[in-house]
Amino acid sequence: SSGINAEYGDAKTKAPDAKEVFYADDGAAGGKLGPLSQFWKYLQEDGPKYGYFVNPSKSYLIVKPGVRKEAEELFPNVNITTEGSRYLGSFIGTEEGTKKFVQDQVKVWLRDLEGLSNIAQHEPHLSYCAYIYGTSKRWNYLMRTTPQISEHLEDIECYIIKRLIPSFTGHKVGIDHRAIFTLPVRHGGLAIENPVEIADREYQNSLRMTEVLWKAIFNQEQSIRIADTEDQKLIDDIKKQKEETFIQVKFEAISHLSPKDARFVALACEKGASSWLSTLPLEEYGFSLNKQEFKDAVAMRYNFPIEGRSTTCICGEENTQDHSLICKRGGFTSIRHNTIRDTTANLLEKICYGVEIEPALLPVGNRKLPPGSNVKDGARSDIVARGFWTPLDKAYFDIRVLHPGAKSNENKSFDKMYNQHEEEKKRQYNSRIQDIEHGTFTPLVFSTSGGMSKECNKFMKKLSEGLSFRTQQAYPDTINYVRRRLRFELLKTTLISIRGHRGRFFQRPIDLEEIDLNLIADYRVKD
């Protein structure tokens, strides 16, 4: 970089009327032909001294049609164009040239999207992540560097709606759900943005963020000073504007959905509920979903129908998604509870001692406890650990996984829903554990949609602080891992409930009076 800086200073002296800029080994200049000719001559003669060797066959000169002949005389062997040329991933030139460049890029991107759609037939989770973190970033860069290209991206949006989204989700979606899918996952979306809608906004934001830099280049300043505070203020302002746009889009889209579908979107907005969508599909960590699991998870997120399920449960009830998540036949509610319990205990073992699953509580004896307390001999909590909240003291935890779609929860606000289940657990165990065990009690309430209660959130933060200290890992990384691990286990056990085998239907045995016990004779008669 020191060689480029020295070369830039000398070039500025030799060709003062040319506006020059260097980015790594890419040099560029703008101005009239005379100053540009001086700049070009300097690069050829003195550039090698600084390790900079120009290649005329790979260099382009963009000129107006009226001066092309003069340019060919001054710059032999250089590619001269009146339409424009690619530069650092974008395009400099006429509107027609820009249009052709973008259209050519779109053709390449459509082929990439077709490849992702094909992959999604077998691995939708992998394909979705490849799109979010890879393919979609290609046109995001072009949006930020090239103005007025939104109309040229319509073919991409058309492909996204007709092919890509159905390949990810297994469902075709209408206008309202398409609008929701453009939102970040934390707002209940899928982060599949509409390139036509955001192109102009992204370019304007890019101009604002780089204003100090491009003005310095235009004015040919030798150095620039970027104030960190002002830069951060600008970033915060752009984030705030984006956040306001997200909220407005969500509000408008939800207003056209049914109350139940709108509630599903609201559930997806809970803290940590969407972490499975923003996680790379890493099998070694248990963070990957097969094609059926991923599509079922998306269907559950937006209340889409799930194909291939029986219409009637073995218990005789209608086999709706809500019923599948609360039916006790098959033991899937216990599997869901026990998996969260065991994982939580495993994490506690890293920072506490004396961790035990389902510890028996001391007998109550003649002690009187408040109404609703569990006073049975042999009662147990889910987990006990020493030294979690305070040194040496026992901390007891009891886990509950509720379903927001259950009849007892469906008409309640989220806060009221979680508070009710927390209070119920406290009523059963809090007094007994405080008075008899001399320990603390914390109810850990999760929902099948991925949310959790306030006390559970406090527990997660405290747990992550301990794990961060013990492993010497950053706290944000630690709590993200803890949330993701529990979210994936909750999601997978929920998916098992949706499609799990609960047994078989048994017909009523035929009464003896209705059959002829001489089976051989009966068989012959039928013949």
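In the predicted model, glycine 84 is buried, its relative accessible area of 14% lying under the 20% cut-off. The residue belongs to strand β5, which spans residues 84-87. Beyond its neighbours up to four places away in sequence, glycine 84 touches Ile62, Phe91, Ile92 and Gly93.

Helix packing was examined for α4 and α6. Two packed helices are described by the angle between their axes and the distance between the axes. The axes of helix α4 (residues 95-120) and helix α6 (residues 154-169) come within 9 Å and cross at roughly 10 degrees. Because angles under 35 degrees count as roughly parallel, α4 is described as roughly parallel to α6. On the α4 side, the contact is made by Val106, Trp109, Leu110, Leu113, Glu114, Leu116, Ser117, Asn118 and Ala120. Helix α6 contributes Asp155, Ile156, Tyr159, Arg163, Leu164, Ser167 and Phe168. Sorted by class, the contact of α4 with α6 comprises 10 nonpolar, three polar and three charged residues.

The structure also holds one cavity of 30 Å³ or more. The volume of the largest cavity is about 60 Å³. Its lining consists of Lys271, Gly272, Phe446, Gly450, Met452, Arg483, Leu486, Arg487 and Leu490. Helix α17 (residues 475-499) supplies the largest share of this lining, with four residues. By class, the lining of the largest cavity contains four nonpolar, two polar and three charged residues.

Terms used:
Residues are numbered from 1 along each chain as its sequence is written. This is a predicted model: local features need pLDDT of at least 70, side-chain atom pairs count only at pLDDT 80 or more; totals for chains, interfaces and linings use all residues. Side-chain values use heavy atoms; hydrogens and water are left out. Axes are lines fitted to C-alpha atoms, for helices over the stretch in contact, and angles run from 0 to 180 degrees between N-to-C directions. Helices (H or I, at least four residues) and strands (E, at least two) are DSSP runs, numbered from the N terminus. Angles under 35 degrees count as roughly parallel, over 145 as roughly antiparallel, 65 to 115 as roughly perpendicular and the rest as oblique. Contact means heavy atoms within 4.5 Å. Ala, Val, Leu, Ile, Met, Phe, Trp, Tyr, Cys and Pro count as nonpolar, Asp, Glu, Lys and Arg as charged, and the others, Gly among them, as polar. Buried means under 20% relative accessible area, exposed over 50%, partly exposed in between (1.4 Å probe, protein chains only). On a 1 Å grid over the protein atoms alone, a cavity is a set of points where a 1.4 Å probe fits but cannot get out, and a pocket is an open set with protein on both sides within 12 Å along at least five of seven lines; lining residues have an atom within 4 Å of a point. Grid points are joined across faces, edges and corners, and a volume is the space filled by probe spheres set on the points.
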